[in-house]
Amino acid sequence: MAEPRGPNAAHAGMFPNLRRDVAFPIVGVGLLFGVFVAVGLLYQSSFGGAGERLVTTAMINAIIVLGIQIYVGNTGVLSFGHIGFGAIAGYTFAIFAIAPAEKIKRIPDAPLGLTDVDMGSWGAVGVAIAVTVVVAVFVGIGLARSGAESGAVAATVITLALLFVTHEVARHWPELTGGERAGLSFRIGGKLDTRVPIYLALAGALVLARLFAQSRRGRLAKAGREDDLAARAMGVNPMVQQMIALLTSVAVVSVGASLKVYETGSLLPEDFFFFFTLLTLTMLIVGGRNSVTGALFGVAVITVGRELARRMGQDGFEVFGLGLDSEPLDWIFRENLQTVFLGVAMLGFMIWRPKGLLSDWEFDDWLYRRFTRTQSAPPVPQATMSDESEARLEVSDVSVVFGGFQALSQSGFEVSSGEVVGIIGPNGAGKTTMLNVITGLVPATSGQVRLNGKELIGTPSHEVARAGLVRTFQNLRLFGSLTVRENVEVTRLVAIAEHDDRSTPETDVLVAAAGLWDHRDRRASELDYGNSRRLELARASAARPLFLLLDEPTSGMSDTESLAMVEQVQTMAALVSAGVVVIDHDLDFIIGICDRIYCLDRGSVIASGTPVEIQADPAVQAAYLGSSAT
Amino acid sequence: MTELLQNLIDGLGRGSIYALLALGVAVIFGVMHLLNFAHGELITVSGYVAFWTISEGWSWYLVTPVIIGTAIVTSLVIERVAFSRVRGSSDFTLLLTSFGVHFVVSAIFLLYVSASVKTFSEPGWVANTFPIGSLNIEVYDAVVIGVTLVTLLATSWLIQRTMFGLALRAAAADFDTARLMGVRSDTVIRGAFALSGLLAGIAGVFWLMRSGHTTPTVGITPMLKGVLAALIGGLGSLRGAVLGGIVLGLAEVLLRSRLPDSVASLTEGFVFLMIALLFIFRPQGLIRVAHAERV
């Protein structure tokens, strides 16, 4: 079955493709859920009571790990704080769920009259989610602000600080939490006497995690995960996606934490601290943090491995009934072997297989590709859009000073839609700086950048892109672990949300037009140099820019490839009816493609005109061509 | 007034130790872009060495160099076994590798020693005080502040005036370019780990003198203080790390003495909260480090 296509399929809804992004994931996680539960039931039928507890715990852990996966997997930010959120949810749940008659024994003086609150367990889960999500909003603001400034490392430390704050509060606020030793222990109506709530929560967590990853938001978040700066340049604001991922993820963790508390029947500060963080993170990374299937698989692998380590720590090889002499290994078969197992698993995977066992493989994605006939012929581009709205970009008097170095002084250029304008100049002339200023990556010391008369200086990068200026990167900043199609598709998602008035070419049309049809399902990181450049071009075009800003699109290409690039740039620009600004060293390419050329030298424009005029200009020959011109 | 001065001196003593820890964290962040969550393990290992040597009857004067040596060797071993294998990996991998190292080291002590607290005697003078005017200065604080000052001056000389320091600064500014300029990455990275171990060793001596005990997880608190202080100061800035440590120490002491008794035990929680607010209003930390990304 072919992909649904035509202009009507291009909607800016939550899911780009209902069959691929909703139907198959639900079927897929349904099957995974079935297998996971079946294996659990099989295990407990052969091990009795202890086995039953192990399986219940594994399922609850799976819910929490899936919750963490929603954030960590889609945003790529490592969080130690999710167990801290778990602690907040766990305590909130306990305080609201325990009957007053029980609470009076442990926390008779709870603040805000919480001792007398009696909500029942369902209400308590709701309160737990609400409280935790509110805390997460504040943490998320901190994460966004520090992440924008100092990158993912600072964000990780903030999450770690959250884990410690919750732990400190739990330990030192006995009126609320029962303190460090006594803790809270309780009966709500006995321990969980049925597993139905756990099954429901696990199935819900699986569906939510998978759907989030496939949704528009999830895809945008993944673009930010792959390359924050490139995502911004394509019009994605990663901070928004990260916040949504965080709130979704924290809600799932809250449900898991409430169930954990309910099932355990007691709660101590230690229950949601370092060890549980280690356990859940190890489960996540061993299976593969970027995949929901992987996260579930990791839970299974680590649960089995840890149980095995625990029992071998007690009984050595007798666990297998082998009758092997385990004495020579007594130095390793000791109590606490399971902690060593977890630490070694985490360290080993980080060193030798940081992406985990399954990397980003998804079961339903495999099913989809297996049961969907792929279209073999490249789609023919529809007739060029008759979008004749005139756009004009005016860059004037731009100066940039880095320290004492004047990278640009009073430089500028103009370009109208339908034109191809080139900027040439020797290394260090300020060409890339010019693009960086226009796209909001480098602040200008002075000057104006006007798009259709609207001033863009000071506008954040992602808004510049949405306004219609989209760039490529000289040093290739593709979304590496996404496929060629996904690279184009994610950018196109931004475009169709922004311009639903103008029909945007289909992903496949863009991929084919860029000459990447044969590579459409390969990962961007696997492409060779020339194809990577073509993908940069296709991805930027997918954003439906008014102007494509190309930073050395032929750098590293052979002469033949460069010539082909002339045609490719023209095709793509025509397909999305964008004007083009191109920076390059390759004079043949520039002369072949440009209507007008500006020549920069040491930060200033020294000449401008048609290719013929520029070639004849003595100042250009002196500054740029010099003696090396051949 | 007296109370405030007293607090300042106490806070300076505490902050000095944090500064040493934070400086060690910052040095490694500079060369490897690794925020080392295993930094506290240097103190864990030193703690057990202190426990064993002191129960053999060694005096603190002998134990001190042994602890410092242990911290340096441990730092180098951890680099060799774990961090050298993940050089240049993503932040995610680096962070979790150090987290993994933390757990493996503490699990080894859990497996082969025990989870229980091992105590050892502190030197007799730790609790002594001497009066200056109306102030009561702890000998311990005076020693800590003095030694830290000397250590920081020596480190500053090392970084500003020696070839190793030049290489370290160059590597911190731009590792790839530094390598092209002939800086040997192995030498710089190992040197940074040795320096970080030395600083943690000195901090560890003071930490253990005061606490008089060790457990498999004793390193968590000093690690957290070091990492947070480095972050408060502005990640990657060495001066910032020292400043961050002192600020953190002062904040803790001042808060604890000012908060009403009923919530004084939540001091740490309040400090974390203030750090969170700092990040919201000044996300780059106290000292901004210019980090250019090539586009």
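How many aromatic pairs does a search of the whole structure find over all chains? The search returns 21 such pairs, where the rings of Phe, Tyr and Trp (its six-membered ring) pair if their centres lie within 6.5 Å, and planes under 30 degrees apart count as stacked, over 60 as edge-to-face and the rest as tilted. The model is predicted, with pLDDT of at least 70 needed for local features and 80 or more for side-chain atom pairs, while totals for chains, interfaces and linings use all residues. Residues are numbered from 1 along each chain as its sequence is written, chains are lettered from A and ligands numbered from 1 in the order in which they are written, and side-chain values use heavy atoms, without hydrogens and water.

One of the aromatic pairs is formed by A:Phe80 and B:Phe99, which are tilted at 40° between the planes with 4.3 Å centre to centre. A:Phe80 lies in the loop between helix H1 (18–75) and helix H2 (82–97) of chain A, and B:Phe99 in helix H4 (residues 91–112) of chain B, so the pair joins two chains. Helices (H or I, at least four residues) and strands (E, at least two) are DSSP runs, numbered from the N terminus. Both A:Phe80 and B:Phe99 are buried, that is, under 20% relative accessible area, with exposed being over 50% and partly exposed in between (1.4 Å probe, protein chains only). A second tilted pair, B:Trp60 with B:Phe120, has 6.3 Å centre to centre and 55° between the planes. B:Trp60 belongs to helix H3 (residues 60–81) of chain B and B:Phe120 to the loop between strand S1 (118–119) and strand S2 (129–132) of chain B, so this pair ties together parts that are 60 residues apart in sequence. B:Trp60 and B:Phe120 are both buried. One aromatic cluster comprises A:Phe80, A:Phe164, A:Phe273, A:Phe274, B:Phe37, B:Phe99 and B:Phe103.

Strand S9 (residues 547–551) of chain A has five of its five residues buried, so S9(A) is largely enclosed by the rest of the structure. A:Phe547, A:Leu549 and A:Asp551 point one way from S9(A), and A:Leu548 and A:Leu550 the other way. Strand S8 (residues 469–471) of chain A runs parallel to S9(A) and is joined to it by three bridges, strands being paired if DSSP finds at least two bridges between them. A:Leu549 in S9(A) is the bridge partner of A:Arg471. Five bridges join S9(A) to strand S10 (residues 579–583) of chain A, also in parallel.
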